[in-house]
Every structure is written in structure tokens, then in C-alpha cells.
Amino acid sequence: MKKNRIIILREGINSTFQDLGRSNFYHIGLPFSGVMDKRNYLIANKLVGNKHNEAAIEFAYQGPLIKIEEGNINFAISGDIKFNIKKNGKLITGDCYKNYNLSKNDEVDIISTNNSIYGYFAVSGGFELKKNFGSFSTHVRSNVGANNGNKIQKDEKFLLKDFKDNYSNKSLKYMNSKIEYIRILKGTNFDYFSEQSIKEFCSKEFLVTKLSDRMGMRLRGPKIKNLKETNIRSEGLTKGVIQVPADGNPIIMLSDHGTIGGYPKIGVVISADYDRLVQTPPSKKIKFKLIELKEAEKLYKLYQMETENLLSQI
Amino acid sequence: MIKNISNLGDAALYCDFGNEVNQKTNIKVIKYFENIKNLKIKGINNITPSYNKLIISFDLNVINFTELKKKIEDINISEKDIKQDHKLIKIPTCCDDEFALDIERLSSKLKLSKKEILEKYLNKEYFCYMTGFIAGMPFLGDIHKKIRLERLETPRVKVPKGAVGITEQFTNIYTFESPGGWNILGSTPIKIFDQKNEKQPILINPGDTVLFYEINKKEYIKLNEKE
């Protein structure tokens, strides 16, 4: 039997294979990587009947143009995405959070994201890929992960694993929510900064700049004034840490961040707000709100429950 | 031995071993790192040792700050368990002008000739404090007091793969092309990080000893082809 196969006619922007990321390699310099927006990724995989850690294609701003070269596929797209489907030569406007069956020569054109950055393309059965360091997640900087650690390129072909042809059509009613504040906890160098700066940091708006990617989100707003030390001894980092270099402009560490860093940490984004933080596109503004650890833990439980609830509706 | 444990966000522990950066403190950090790794505590998904800190990240679905803090506090490591049993790694380095990108800056700022700088730098044993930032990058020290210099005022957008650099009391190897501000004085053709070798991906581990020795351009090209 011939394998189901797709070909990439246009690669889109920063299209990579991602799963839930890799653990336990920070100490050799490999970050978690993995999907930026975990909830949307989980939903896409569930819609096509995959187990929760099957690799999906993550794209930013614009997704790939994909053609089915052999066999057929069943796919779903999650996020806030505009896309078209060409089925039997007919053009259809695609809906997110719904799965579609396509056959040989049909196409999916992922045109753009709306007011957000990342989207996910998942297929029933998943892609035929090799894990690297326990995960499919691609970390381009160190050439680690599926597809030899590279971005997905034009003309590349990918095989799909077999799946049940009779997979029933599924959909989910879901709106990507926006939050008024990104909630944070105090960072380990919180007291390095002037009282005035801390006040501004927790109340004023910060612009998400274009210099943002899977590694980090660079912000611009009121300059954060350091009264103590603008460099610290390099030490471990984690997702969501907000570092402030000497220039006073905060940088939030995202999924592909360098594993150690030497700038003072003013705060850390709470786990419950990470998925929504990473979807904030450049030129939009964000505001921070300082909360306590116990509250952050409660909010995470709530966020997890909401996710589980959504997944159970599929 | 951990002076203080606080939270770094809602999903990581920040273990502070004090302010001093020296091998004695760092060996304690590494010992804790190895010990905690071997305990395989459920929920821990990363442990990051550095000069004098240990960051332990965890899955908030499995464990929380208070529970994990208690577990880490209960670990008992005595001073006498701390001994070094690590290997010596010799790194061939070509210091020809085409690779020694910052040798002139070093020479003029340190008021030493190229020969004097390399004499003080090469064939000395350096301790590996930590690895990271980019995959496999070792942070080594301490270099001779007379060749210590701060980072470049404007970091390079691209430091070539294999570049060997120094800053303050430390020296390192750029395992991948990367932005960076260290003073570059040579290049090694040796592969420090091997993504195909998942069991032993990095050549240099925290606690190891590293020595740089000089090779000429011919040897560099020959080794480069082999890698």
C-alpha cells in the first residue's frame, strides 16, 4: 500500500515540527522548545484523534501551502487562522477547530494568522518523523529535533502514519480569549530596580516589538531603572522569566530561550498566562499585574481544568 | 549547603549556594545536581546548575513549589561526599590571525604581545563550571589574571562556530554560530556538541578539566575534515 504523503509548496514563516517539548536537557544547553501555545496544539491533535504528544506543524503569521501527493489525509487547524482548501479543484474557505478529509492533489493554503502569531496543523496518525533527545520538537539553533533540526522547507515531502479512514468528523466551538493583564510573580532580582520603575512596570503598557521570536519577546515601554547591578553571574533560566538588560528594556524568555543568562530578573510570567502571552503580536501592547505564588498556582489549576474541559468536548 | 531556596515563577525552584564564584561552591552545586538527577523525583523536568545557583524546573501538574522545596531540603549531602572524579579534555586550537578575531584588541588593552597572551592562556588546566546558553557551550575558568578583559562593547551578531573566547576570569567555546561578546583568540575544529549522539552529546561536562593546545592551520583543516 502506498503511504500517504504531502509536499510543501510554500514553507510559510518559521514552520517547524513541534510537540510538548523536551525535558531534562537544560544542563547541556537545550531548552524545552515545543509548541508555543500548548492549548491550541492539544486541541488540534485531539480533533484528528491523535494521542496528545504527536508532532504537529507550528507556523507563525503565515503557514505553509500543502499539497497531498499520495493517498489521503485528515487534518485540523487550530489558532486564529485564515486558510483555504482546494478540494477536487474547488476552493473552500476553511474553518479552524474542525477536521477535513483531503485526497491526492488537494491543497491546504494557510494564508495568515489573525491578530495572533502561532497556529497548528495536525494530521490523523501523525507524521513519520524521528525523535531526537526524546522529542520531535525542532530547535533550529542547535539543529535538534525532527527534520534534522531544520525549519520546514519548500519542496520537502513528508510521509504520514496510517490512520483509520473512517475517522468521524469532529469540531469544537472555541474562541481564543484575550486577557487584560499578563500576570507575573516577583523575579529573584526584583529589589534591584527602583521603586518608581517597579511601579511603572506593574501598571504601564509595554509594546511588543518586532524583535520577538520563539526565543524571546522584547518589550519597549518606560525604561526600567536598575539601582544595583545590571549584570549578574550567569545562572539558569526558565520559560516566562523577564530579564532586564542594562538598556532597561525587558525581554521575556520563551520556549527556545538560551538556558542560562546574566541579566537581572524582574519577574516571571505565571504558567497559566503563557499560552496567551506568546500569541500577542508585535505592535500590540501588554500590561503586567503582580500576584502571589498561591494565586498563580490556583490560576494554573483553573487553566488546566478549562483545557481539559475543552478537550473533553471533542 | 544550599543557603536559600526561593521560587522562580510558579514552576521552578531557585537554589542559592551563596555569592562567591569559585570551584568549591560550584562543585557543591554540581554534586546537588547529580544527586537530584539520580533521585528521579517525579515532576522535575529540568535541573540547571551554574556557578553558584541551581534552578530546578518542575511540572505544575505533578508537584508544586512547597512540596518540592521540602524534598530538596531533605536531601543530605555531607562536605566529605564532595570530591572530584572528572576527566581532562584537550582541545586543539588554531590561533592564527584569521581565527584570533580579537587578538589585537586584547593585545592593546592588556598591553601584552600576542605571544605573551597565548603563553598565559594555552596549556593551562581550566575547570568547567557549567554548560549551556547554547547547546554544549562550556563555561571554563579561571584564566590568568593578566589576560582578563571585559566583553566587547558591541557584541558580534555572529560569532563563528568553534570560536574560542575569553572574558573576565572565564573562557568558552562557541559550539554553534551565535551572537556573542567574548574576546575571540582562536578556533577549534573539534565537535563539542553532537546531536546524533544522544547518550553522550557533549564533550565537556561540568566538573571536567579542559586544556587548550595550539595547532597550525594544516592540522586544523585536517581535523576539521575528520569532524
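1. In chain A, strand S16 (residues 241–243) and strand S17 (residues 251–253) pair in the antiparallel sense over two bridges. Two strands are said to pair if DSSP finds at least two bridges between them. Within this pair, Gln243(A) has Ile251(A) in S17(A) as its bridge partner. Helices and strands here are DSSP runs, numbered from the N terminus, with at least four residues (H or I) for a helix and at least two (E) for a strand.

2. On the source and numbering, the model is predicted, and local features need pLDDT of at least 70, side-chain atom pairs count only at pLDDT 80 or more, while totals for chains, interfaces and linings use all residues. Residues are numbered from 1 along each chain as its sequence is written, and chains are lettered from A and ligands numbered from 1 in the order in which they are written.

3. S16(A) and S17(A) also belong to a closed barrel of seven strands in chain A, which runs S12-S19-S16-S17-S14-S13-S20 with mixed pairing. On average, neighbouring strands of this sheet are turned by 40 degrees against each other, direction ignored. Such angles are taken between axes, which are lines fitted to C-alpha atoms (for helices over the stretch in contact), and run from 0 to 180 degrees between N-to-C directions.

4. As a whole, chain A has four helices and 20 strands. The C-alpha trace of chain A spans about 65 × 35 × 30 Å along its principal axes. The radius of gyration of chain A is 20 Å, which agrees with the value near 20 Å for a compact globule of 314 residues. This radius is taken over C-alpha atoms, and the globule rule is 2.2 Å times the number of residues to the power 0.38.

5. Of the 314 residues in chain A, 50% are buried. A residue counts as buried if 20 or more other C-beta atoms lie within 10 Å of its own, exposed if 12 or fewer, and partly exposed in between, with C-beta atoms placed from the backbone. Among contacts in chain A between residues at least 6 apart in sequence, 77% join residues at least 24 apart. Two residues are in contact if their C-beta atoms, placed from the backbone, lie within 7 Å.

6. Chain A is divided into domain 1 (5–159) and domain 2 (182–312), with bounds that come from an automatic or database domain assignment. The centres of the two domains of chain A, taken over C-alpha atoms, are separated by 27 Å. Between them, 20 residues of domain 1 of chain A are in contact with 15 residues of domain 2 of chain A. On the domain 1 side, helix H1 (residues 38–47) of chain A gives the most, with five residues. By class, that side has eight nonpolar, seven polar and five charged residues. Nonpolar covers Ala, Val, Leu, Ile, Met, Phe, Trp, Tyr, Cys and Pro, charged covers Asp, Glu, Lys and Arg, and the others, Gly among them, are polar.

7. How many residues of H1(A) are buried? Ten of the ten are buried, so H1(A) is largely enclosed by the rest of the structure. The buried residues of H1(A) include Lys38(A), Arg39(A) and Tyr41(A). They pack against several elements of chain A, among them strand S3 (56–60), strand S5 (72–78) and helix H3 (274–278). After H1(A) comes Gly49(A), whose phi is positive, near 80 degrees.

8. Glu54(A) lies in the loop between H1 and S3 of chain A. Glu54(A) is buried, with 22 other C-beta atoms within 10 Å. Not counting residues up to four places away in sequence, Glu54(A) touches Asp19(A), Asn45(A) and Gly126(A).

9. Strand S6 (residues 81–87) of chain A runs antiparallel to strand S9 (residues 107–113) of chain A, joined by six bridges. In this pair, Ile85(A) stands opposite Val108(A) in S9(A). S6(A) is also joined by four bridges to strand S7 (residues 90–93) of chain A, again antiparallel. The hairpin of S6(A) and S7(A) has two residues between the strands, and Asn88(A) takes a positive phi near 50 degrees there.

10. Between the chains, 34 residues of chain A are in contact with 40 residues of chain B. H4(A) gives the most to the chain A side, with five residues. The residues of that side divide into 13 nonpolar, 17 polar and four charged.
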